[in-house]
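This briefing walks through one structure by topic, beginning with a single residue and widening to the sheet, the helices, the core and the pocket. Please keep the sequence and the 3D view at hand while reading.

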Amino acid sequence: MYVRCAHFVGTVAPENRARFDSFIDAECAPIIATFPNLRSFRILRGRWYEEGAPDIYMTIELTFDAPADIDAMLASGARANNVAKMKEIMPLFEGRVFHINLEVGPRG
């Protein structure tokens, strides 16, 4: 199994958090659910941090069976739709987004 994570390192101003979070849940999550070959996904939001940890506001975790499934998702129209939709709300986010692809080990 393979997991692709989009980490949102930064913050959303307190007065914009409800709007940002609701948009992700109502507008983006339904698009993500249509990604090809997607086994499952979760939207994780940082709430407290250990000292020295990066300020990760949100992580979107996508699970796939194989690396080729990730490649197919990246090339899909559904992902392009989600990228376009995310651009509508991203001005409220202050920070950067990066992606990591992980392989789940035998104990995963």
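Leaving aside its neighbours within four places in sequence, Thr-63 is in contact with Met-1, Tyr-2, Val-3, Asn-37, Leu-38, Arg-39 and Ser-40. The model in which these contacts are found is a predicted one. Thr-63 lies in strand S3, and this residue counts as buried because its relative accessible area is 5%, which is under the 20% limit.

**The sheet**

- Four strands form an open sheet in the order S2-S3-S1-S4, and their pairing is antiparallel.
- The edges of this sheet are held by strand S2 (40-45) and strand S4 (93-103), and because each has a single partner strand, one side of each is left without a neighbour in the sheet.
- From one strand to the next, the twist averages 15 degrees.
- Strand S2 and strand S3 (residues 56-64) run antiparallel and are joined by six bridges, and in this part of the sheet Ser-40 stands opposite Thr-63 in S3.

- Not counting residues up to four places away in sequence, Ile-56 touches His-7, Phe-8, Val-9, Gly-46 and Tyr-49.
- Although Ile-56 and Arg-17 are 39 residues apart along the chain, their C-alpha atoms are separated by 14 Å.
- Gly-10 has its place in strand S1, and this residue is buried, with a relative accessible area of 14%.
- When residues up to four places away in sequence are not counted, Gly-10 touches Asp-55, Tyr-57, Phe-93, Glu-94 and Gly-95.
- The C-alpha atoms of Gly-10 and Met-58 are separated by 8.8 Å, while the two residues are 48 apart along the chain.

**The nonpolar core**

- In soluble globular proteins, nonpolar side chains tend to be buried together.
- In this model the largest nonpolar core has 23 residues, and those with the most contacts inside it are Phe-8, Phe-20, Ile-24, Phe-35, Met-58, Ile-60 and Leu-62.
- Two or more residues of this core come from each of S1, H1, S3, H2 and helix H3 (77-89), and H1 gives the most, with six residues.
- Ile-24, leaving aside its neighbours within four places in sequence, is in contact with Ala-29, Ile-43, Arg-45, Met-58, Met-86 and Ile-89.

**The largest pocket**

- The volume of the largest pocket is about 320 Å³.
- Its lining is made by 17 residues, of which Ala-6, Arg-79, Asn-82, Met-86 and His-99 lie nearest the centre of the pocket.
- The elements that give two or more residues to this lining are S1, S3, H3 and S4, and H3 gives the most, with five residues.

Conventions
Residues are numbered from 1 along each chain as its sequence is written. This is a predicted model: local features need pLDDT of at least 70, side-chain atom pairs count only at pLDDT 80 or more; totals for chains, interfaces and linings use all residues. Side-chain values use heavy atoms; hydrogens and water are left out. Two strands pair if DSSP finds at least two bridges between them. Axes are lines fitted to C-alpha atoms, for helices over the stretch in contact, and angles run from 0 to 180 degrees between N-to-C directions. A nonpolar core is a set of buried Ala, Val, Leu, Ile, Met, Phe, Trp, Tyr and Cys residues joined through side-chain atoms within 4.5 Å. Buried means under 20% relative accessible area, exposed over 50%, partly exposed in between (1.4 Å probe, protein chains only). Contact means heavy atoms within 4.5 Å. On a 1 Å grid over the protein atoms alone, a cavity is a set of points where a 1.4 Å probe fits but cannot get out, and a pocket is an open set with protein on both sides within 12 Å along at least five of seven lines; lining residues have an atom within 4 Å of a point. Grid points are joined across faces, edges and corners, and a volume is the space filled by probe spheres set on the points.
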